[in-house]
Amino acid sequence: MIGAHTVVVGAGIAGLACATELVARGASDVLVLEAAPRAGGPAETVVRGAYTIERGPNTVRGNAALDSLAESTGLALVEARRAKPYVVSNGALVPIPPPLRTLLAGSFLPWSGVAALLAEPLRAIRPGPKSVRALVEERFGATLADRFADLLTLGIYGTSADQIGFESAFPELAATLERAGGRFATLALRRLVARGASAESPTRRGVVSTKRGLGGLCDALAARLGDRLRVSTPLLRARGRSGAFELELGGSAATTLRCQKLVLAIPGTTVARVLELPGVPALLARYRGLSQVIATFALDDEECASRWPGLGFLAPSRERVPLLGCLFPSNLFDGRAPRGSLLLSVFAARALHSSSDAELARELAPVLRRLLGSVREPELLDVSRYPEGIPLYDVEHRARTRELRAAIEAAHGPILCGVGYDGVAFAAAAQSGIAAAHAALEIARS
């Protein structure tokens, strides 16, 4: 049996951030185990001809955790160009916010929706956790919920608003709204007054990456860990043993490993399969993810590229198109595509997830050509598939996670971190990993 003081399982951004922070804080005996042959998880940057592709997350808002990690590798964070999003409305792309003439025409937002919007301060407030769709309908009526609720969830969680819990997915906004009495009109008024009283208006962090992409950041973090990182080493079983942990490892050199501190930066469904801790696997089994398929296309059409300088577009379910949305990464960062071309990262609708690459191209390319008004059909460059996909932050997620962590703490179990618990965004996962490192260090001190 071999040993290490602290073991981090999972070398996605959360696990890499955790291990990097541990080492930076002086923890020398750290080992990172990754089941895949490479670190980074879904964050992978590849080159296909003249195009640089993010096979996983593309649009990542910066935070202090990413600043710290990038600085530790010597990679500079590059801020994306500001770009306007679009939405598919009645079969056409409409910018957000839409121009006045579009609003006055009534096709984008019916006058009944305008009336419902103005009546929000008078609507009753129903207590209890609710889905994003239910919240929008409660505050603004069914018309606005049908048209716009999905826009709040598709780009982040990859699914419709009826499946995502508002308090689980947007905890800060939920808390702020509660302090405002549950009414968006009151919240907007308070923010307007606060902004007028302050010399500085609040700023929101922009979308960031590195010149080597997000996959390049993960590669750099993995390289700094050196022989502390072992890839192609899956965790088969983890159990508590006399105040420590015993791990059964697979791979080419299957072995048993003992450690004092254990951090699991892997999906909850995976933890449920490997962790032996009374009562905890049953809680973990209640977590599930939504599979994702990302098809990346190149559109060599200079006129089309100049016509669409935006961020990308979302496609609400009511539009009946075979995709959830499409990003234009080449509009955000230099060097992602040749001049006069568009790089298109398309999130396929769930009905297409079992389709072959060729079938994806046949279904999606004509739709993209029509929506973008191109004279050419886009060419498929790459397809990435994630069966476990994005964790589902449903109505019960927040309460379930509190219950899970309380049960693990009571059983003196491992520390959990990553997108399954603390937010699905890349930067949130990095912050979750750093918080897990601090928790491990605090346990060691106590």
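Strands E12 and E13 form a hairpin with 5 residues between them, and glycine 251 in the turn has a positive phi of about 90°. The structure is a predicted model, in which local features need pLDDT of at least 70, side-chain atom pairs count only at pLDDT 80 or more, and totals for chains, interfaces and linings use all residues. Residues are numbered from 1 along each chain as its sequence is written, and side-chain values use heavy atoms, with hydrogens and water left out. Helices (H or I, at least four residues) and strands (E, at least two) are DSSP runs, numbered from the N terminus.

Strand E13 covers residues 255–264, and its pairing with E12 is antiparallel, over 5 bridges; two strands pair if DSSP finds at least two bridges between them. Within this pairing, leucine 249 stands opposite threonine 255 of E13. A further hairpin is formed by E11 and E12, with 2 residues between them; here serine 242 in the turn has a positive phi of about 55°. Strand E11 (residues 235–241) runs antiparallel to E12 and is joined to E12 by 6 bridges. Leucine 247 in E12 is the bridge partner of alanine 238. Strand E12 (residues 244–249) is largely enclosed by the rest of the structure, because 5 of its 6 residues are buried, where buried means under 20% relative accessible area, exposed over 50%, and partly exposed in between (1.4 Å probe, protein chains only).

Threonine 6 is placed in strand E1 (residues 2–9). Because its relative accessibility is 4%, threonine 6 counts as buried. Residues up to four places away in sequence not counted, threonine 6 touches Leu22, Asp29, Val30, Leu31 and Lys261, a contact being heavy atoms within 4.5 Å. In strand E2, Val30 and Val32 point one way and Leu31 and Leu33 the other, and all are buried. In a regular strand the side chains alternate between the two faces of the sheet. E2 pairs with strand E10 (residues 229–230) in the parallel sense over 2 bridges, and valine 32 stands opposite leucine 229 in E10.

The next topic is the interior. In soluble globular proteins, nonpolar side chains tend to be buried together. A nonpolar core is a set of buried Ala, Val, Leu, Ile, Met, Phe, Trp, Tyr and Cys residues joined through side-chain atoms within 4.5 Å. The largest such core has 42 residues, of which Ile13, Leu16, Leu22, Leu66 and Phe426 touch the most other members. Two or more residues of this core come from each of helix H1 (13–24), strand E2 (30–33), helix H2 (64–73), helix H11 (213–225) and helix H17 (426–445). H17 gives the largest share, 9 residues. Apart from this core lies another, of 29 residues, including Tyr86, Val321, Leu352 and Leu364. Isoleucine 13, leaving aside its neighbours within four places in sequence, is in contact with Gly40, Leu69, Cys218, Leu221, Phe426, Ala429 and Ala430.

Helix packing can now be followed around H11. H1 and H11 pack at an angle of about 40°, with axes 10 Å apart; axes are lines fitted to C-alpha atoms, for helices over the stretch in contact, and angles run from 0 to 180 degrees between N-to-C directions. The two helices H1 and H11 are therefore oblique to each other, since angles under 35 degrees count as roughly parallel, over 145 as roughly antiparallel, 65 to 115 as roughly perpendicular and the rest as oblique. Their contact is made by Ile13, Leu16, Ala19, Thr20 and Val23 of H1 and by Cys218, Leu221, Ala222, Arg224 and Leu225 of H11. The axes of H2 and H11 come within 9 Å and cross at roughly 60°, which makes H2 oblique to H11. In this packing, Leu66, Leu69, Ala70, Ser72 and Thr73 of H2 meet Leu217, Ala220, Leu221 and Arg224 of H11.

Finally, 7 strands make up an open sheet of mixed pairing, in the order E8-E7-E16-E17-E18-E15-E19. Strand E8 (92–95) and strand E19 (379–391) are at the edges, each with a single partner strand, so one side of each has no neighbour in the sheet. Strand E15 (residues 289–300) pairs with strand E18 (residues 341–348) in the antiparallel sense over 7 bridges, and phenylalanine 297 has leucine 344 in E18 as its bridge partner. Helix H15 (residues 357–372) lies across strands including E7, E8 and E15, and runs at about 60° to E15.
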